[in-house]
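I opened this notebook to record, step by step, what I looked up and what came back. The entries follow the order in which I worked.

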Amino acid sequence: MANKFRNLNSKLCQLARSSFQRTSVRPRMSFPGRESGFTGNRKVLGALGALTGTAGLLIYALESSVDASSDCVHPAHQHWNHKGLLSALDKESVRRGYTVYKEVCSSCHSLQYMAYRNLVGVCMTEAEAKAEAEAITVRDGPNDEGEYYERPGKLSDHFPSPYANEEAARSANNGSYPPDLSYIVSARKGGEDYVFSLLTGYCEPPAGFALRDGLYFNPYFSGGAIAMGKVVDNEVVTYEDSDVPASAAQIAKDVCVFLKWTSEPESDERRLLLIKVTLISAFLIGISYYIKRFKWSTLKSRKIFFIPELEAQAKREAEKAAKAAYKAKQQECNKCENQNDKKD
């Protein structure tokens, strides 16, 4: 990697040096004081371009070296249906992923930044989301008497946390703290590929790999030892749609799509906005280009020539015309004086 980086850097420097020494085939008019300034600006821009390219190559080399030295297996790339520029999330998969989270993941992990109202119009109707919210109990208050009370959940309530605080979570999981899953796909490098590989990548540890009590081996986790056991397996949940098999891969895929939606709930709206902006921009750019060509056509199509002989000829003709006008004016004045003398 270092040798490749040095070769690319040397080629970039040679390209910048050759661009400085390159001369244009087309003859240009020379203006005093401008040639040196243009050459200086060109050298500065070339140097900035070379430095920018070198910095980009350095960042890429460092990123590649960090990936190569990681202590876990890189997750394989999966072909997700929502990865396209204009592809939307599979709402049926989001609904099934919510079922997987509620029945499997919610016992340890929280979704503290998601509320039940976010489910409306995405994977549930308003009535279904209200029924899901009313299934939980929320401690609210104080009331008029200054006491706290418990009530059924509402659409505005957030998903409940399985533990009262971080200490209780660590105590129940052998000192490990289960992370919040609201933005887990955006927070982990690899996104849903990493989460899918982590859920389906449990296996027996290799020979010589020692595991402490309460830890499990997963090659996709940093260090290989993870406190979360294998929770995704065949038939661990029952889907409402009997045509969808509840296999381990399908369950992991659905929960990854659901967590992708919780990380970016507005992704579909952004794609729709991109389509609108593209169409409107194409229309406005076309009109702007037509108006620019129409308004500036006379100025851009005219030609201005500077010929000294024609300028001298025009100057002589202007002087002759001025003399002729002066003589005509003198003649008129003389005629007027003669007429006045005759009258007297």
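This is a predicted model: local features need pLDDT of at least 70, side-chain atom pairs count only at pLDDT 80 or more; totals for chains, interfaces and linings use all residues.

Pocket. I looked up the largest pocket and found that about 710 Å³ of space lies in it. I then asked which residues lie nearest its centre. Of the 30 residues that line this pocket, these are His109, Pro178, Pro179, Ile226 and Met228. Turning to the elements, I noted that helix 3, helix 7 (192-200), strand 4 (225-226) and helix 8 (248-263) each supply at least two residues of the lining, and that helix 7 gives the most, with four.

Salt bridges. My search returned 15 salt bridges in the structure. I followed up the one between Glu192 and Lys83, whose closest N and O atoms are 3.6 Å apart. This pair links distant parts of the chain, since Glu192 sits in helix 7 and Lys83 in the loop between helix 2 (35-68) and helix 3, 109 residues apart.

Surface charge. I next looked for patches of charge and found that Asp90, Glu92, Asp241 and Asp243 gather in a negative one on the surface. Glu92 belongs to helix 3, which spans residues 91-105.

Backbone. I reminded myself that most residues other than glycine have a negative phi, and that most peptide bonds are trans. Against that, I noted a cis peptide bond joining Gly141 and Pro142, with omega about 0°; Pro142 lies in the loop between strand 1 (137-140) and strand 2 (149-152).

Definitions and conventions: Residues are numbered from 1 along each chain as its sequence is written. Side-chain values use heavy atoms; hydrogens and water are left out. Patches are made of residues with over 30% relative accessible area and no salt bridge: like charges are joined within 9 Å, nonpolar side chains (Val, Leu, Ile, Met, Phe, Trp, Tyr) within 5 Å. Accessible areas come from the Shrake-Rupley method with a 1.4 Å probe; for residues, only the protein chains shown count as cover. A salt bridge is a side-chain nitrogen of Lys or Arg within 4 Å of a carboxyl oxygen of Asp or Glu. Lys and Arg count as positive and Asp and Glu as negative; His and the chain ends are not counted. The place of a charge is taken as NZ of Lys, CZ of Arg, CG of Asp or CD of Glu. On a 1 Å grid over the protein atoms alone, a cavity is a set of points where a 1.4 Å probe fits but cannot get out, and a pocket is an open set with protein on both sides within 12 Å along at least five of seven lines; lining residues have an atom within 4 Å of a point. Grid points are joined across faces, edges and corners, and a volume is the space filled by probe spheres set on the points.
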